[in-house]
Structure formats: structure tokens, C-alpha cells
Amino acid sequence: MSQKLKLKNKFIPVNTPKIFSQEKKLVIQALSTGWISSEGPFVKKFEENFSKFNKRRYGVAVSSGTAALEIVIKSLNLKKGDEVIIPTFTIISSVMCLIKQGLKPVLVDSDIKNWNMSIEETIKKINKKTKAIIITHIYGFPVDMQKIIKIANKKKIIIIEDAAEMIGQKYKKRICGSFGSVSTFSFYANKHITTGEGGMIVTNDKKIYEKCKSLRNLCFGTKGNRFNHNDIGWNYRFTNIQAAIGLGQLKNINWIVKRKKEIGRRYIKKLINNKNIIIQKNKNSYSENIFWVFGILLKKNYKFKRDFITRKLLMHNIQTRNFFYPMHKQTILLKKGIFKKNNKFPNAEYLAKSGFYLPSGLALTNEEIDFICDKVNKIIC
Ligand SMILES: Cc1ncc(COP(=O)(O)O)c(C=O)c1O
């Protein structure tokens, strides 16, 4: 069968992770030694290696990126009603962790140049009640950190970096995840490093580190009686089997970032001449894209709607994923009165309405990228 015909009949999922031989060896080791729970030695090793990679002193491995955010927010001991600024164009985890602690999420619109939160709007929204900002890097390109860090430091506002989509990325040669007082990561199957499910908190602050460790593990008692608990926490533990996968993946991070860049650049090369779409940039003055995903935005005056296009791609066995649905439009959050109906964030609304991403996983081949681009250019014309 010709390569073209083979691809025509093959379903291309939006993500397929790449598992290396190292992970398999370490998982077998974990299984054969009987260390399968969170007590196993790989967990500590992975925390050490991952925090070192991110130039942070401490790491706390947890069950997901969402769990990481929940634990971090609780660890900061903010007061009910304190305000925390977040982008509206993000995953709902950023709102859930705040409202569960009685904090007020304050939303900002996206910067249409790079789809990240607008720094200008973030600065405008800072007031006396602002106690923290969750800086979320979106889809592979970091937020422009310099100005916001300077202002936050001056006003004693805590920066939490949500670097879930940003493992191995750098802002001005400094690793993302090393800017926040505390930073969070996700190891879900579509992240640069995966452990199936999982997440990590990194920090240089010993107090935050100790509190996060305790919150991860039911806040077991430390004053004599283990079962007389210190606070209200969670079981958000990370297993030795997950850590085995993570250790193997981390060894390959340089290759992973390199391959993700190649995937992004190949998409750009093949799609750059399509006048009906806006695609992600390869680099700007402060960073080079590591393409967590490869996003496409239909131009505002384009004749067809996004869902029509993604249905057509699916008919060619190409799976896509719509962009985030912004927080200010979430039915559940409006129903609960967290946000008001008349809030307008035009850039985030445009991204949500007209954006989607193409298959971007590490197992994607160059032939598949070429096939996908050929279909995209034929359908979006
Ligand atoms: C920016 C961001 N933060 C947090 C999360 C949550 O991570 P998890 O799926 O591991 O809970 C995600 C998930 O994709 C994400 O993209």
C-alpha cells in the first residue's frame, strides 16, 4: 500500500505520547521491587531531578496539574475575599482552586499577539485586594515576565506560575517554572513530559514546600499522633510507577523539546501561505516556541465556522481539539454568580470561537504532518 493511501486510512489522534525504553525499564524495576505506592524511592528522585531541572530547590509530586494548583493555593494562607488575577483563556482548574478557598478570581483578556494573558490588563486590574497572580503560559509560548514580576515584587503580590504546558521552555534563557514564588506543572499524556496523569509543584520556599507536602498527604499529624491530622488536605499522592515513567521521560527532555520545535516549524512551513488562518509564531524577541500544541486561528472574516472545518478534518481521520472556552462564559460559573454575564473579553472570545489545534503529539511523523497540512490547505481555502 502506498504511504499516501496508508495515511488516508489511518486515524491521527490529536495526541499520541512517546514512551522511551528507559521508562519501561524503570517501571519494571518499580513493579519487581514491589514499590508501587507513593512511598517508593523513585518519587523522591523524580522530585529532586525535576526541581533541579527547573532550577528550584524543592519539588512536590502530585496526582495532576489541577491538584498542584489546589494545593498551592491553599498553602498560601490567603484570606477569604482576597483577589487573585488569572487569564480568562485557560483551563477551569485555575478558577476551581480559588473558589474552593473562598478567593475571588479576577479575569483578564488575552493578548492577541501570543494568546497569553494580557500583561497591560493584568497591571490595570491590580488593586489593594490583589494578593496573587496566576501567570499561565499558553500553548507553548511564555508570558512576557519581566514587567509583571517587577510590579508584583514591588507590591508584594505572589506570582504562581502555571507552567503545565511549558516543561523545558525558556524565557530569556531562564527556565519557565523558575519565575514564580511557586510554580505548577502537569504530566498528563499530552504534556512535554508525561507520567500518564500527574503534576509537580516547585519552589525555593521551604515553608510553602512543607505545607504542600502535608496537604498532598491528608495533613497527617506530626505531634505524636499520626492520625490526629494538622489541617484539611487531600490524597493527591503520586505513585512510584508514575515516578518511574517521569524519570525516564525527563532523561529525554532535550530530545522532546527539539522534536516539538521541529513539529511546529514543519507545520509553519506548510501552512504559512494559507491566507485564511493565523498560526503560531516560531519565535519573538524573548523566546522560541516549543509548541505544546500547534494552534490555528481562522481569520475573523473567513467564510466557514470553526466547527465545520474541524468536522471536515475528522472526515479525513484527523482529530483536532477546540481552544479553551473562557472562564467568563462558563455556564456553571455564571450560575454560581462567580462572574457576571455582561463581562466582555473580546480576544479570548475570538480565540475560543475560531481556534483549534492540530495533532501535536510526540509520536506524530513528518509524513503525517504533511498529510494533515495538505488537508488543512484544501479544506480552509
Ligand atoms: C495551563 C494548564 N494548567 C493546568 C492544567 C491541569 O493539568 P491536569 O490535566 O494535569 O490536571 C492544564 C491541563 O492541560 C493546563 O493546560
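## Around the ligand

Sort the shell around the ligand by class and you get three nonpolar, eight polar and two charged residues. This is a predicted model. The shell holds 13 residues, and Ser-64, Gly-65, Thr-66, Ala-164 and Ser-186 come nearest to the ligand.

Strand β9 covers residues 199–203, and five of its five residues are buried. Gly-199, Ile-201 and Thr-203 point one way, while Met-200 and Val-202 point the other.

Strand β1 (residues 58–62) is joined to β9 by five bridges, with Gly-59 standing opposite Val-202. Strand β8 (residues 182–186) also pairs with β9 over five bridges, again antiparallel, and here Ser-183 has Val-202 as its bridge partner.

## The nonpolar core

The largest nonpolar core counts 99 residues, and those with the most contacts inside it are Val-62, Ala-68, Ile-71, Val-72, Met-200, Ile-201 and Ala-244. Domain 1 (3–14 + 253–379) and domain 2 (21–251) both contribute residues, so this core lies between them. As a rule, nonpolar side chains in soluble globular proteins tend to be buried together.

Take Val-62: leaving aside residues up to four places away in sequence, Val-62 touches Ala-67, Ala-68, Ile-71, Gly-199, Met-200, Ile-201, Arg-216, Tyr-236 and Phe-238.

## Out on helix α11

Arg-311 sits in helix α11 (residues 306–315). From Arg-311 to Ser-21 it's 290 residues in sequence and 36 Å in space, C-alpha to C-alpha.

Notes
Residues are numbered from 1 along each chain as its sequence is written. This is a predicted model: local features need pLDDT of at least 70, side-chain atom pairs count only at pLDDT 80 or more; totals for chains, interfaces and linings use all residues. A residue is near a molecule or strand if its C-beta atom, placed from the backbone, lies within 6 Å of it. Ala, Val, Leu, Ile, Met, Phe, Trp, Tyr, Cys and Pro count as nonpolar, Asp, Glu, Lys and Arg as charged, and the others, Gly among them, as polar. Helices (H or I, at least four residues) and strands (E, at least two) are DSSP runs, numbered from the N terminus. A nonpolar core is a set of buried Ala, Val, Leu, Ile, Met, Phe, Trp, Tyr and Cys residues joined through C-beta atoms within 7 Å. A residue is buried if 20 or more other C-beta atoms lie within 10 Å of its own, exposed if 12 or fewer, and partly exposed in between; C-beta atoms are placed from the backbone. Domain bounds come from an automatic or database domain assignment. Two residues are in contact if their C-beta atoms, placed from the backbone, lie within 7 Å. Two strands pair if DSSP finds at least two bridges between them.
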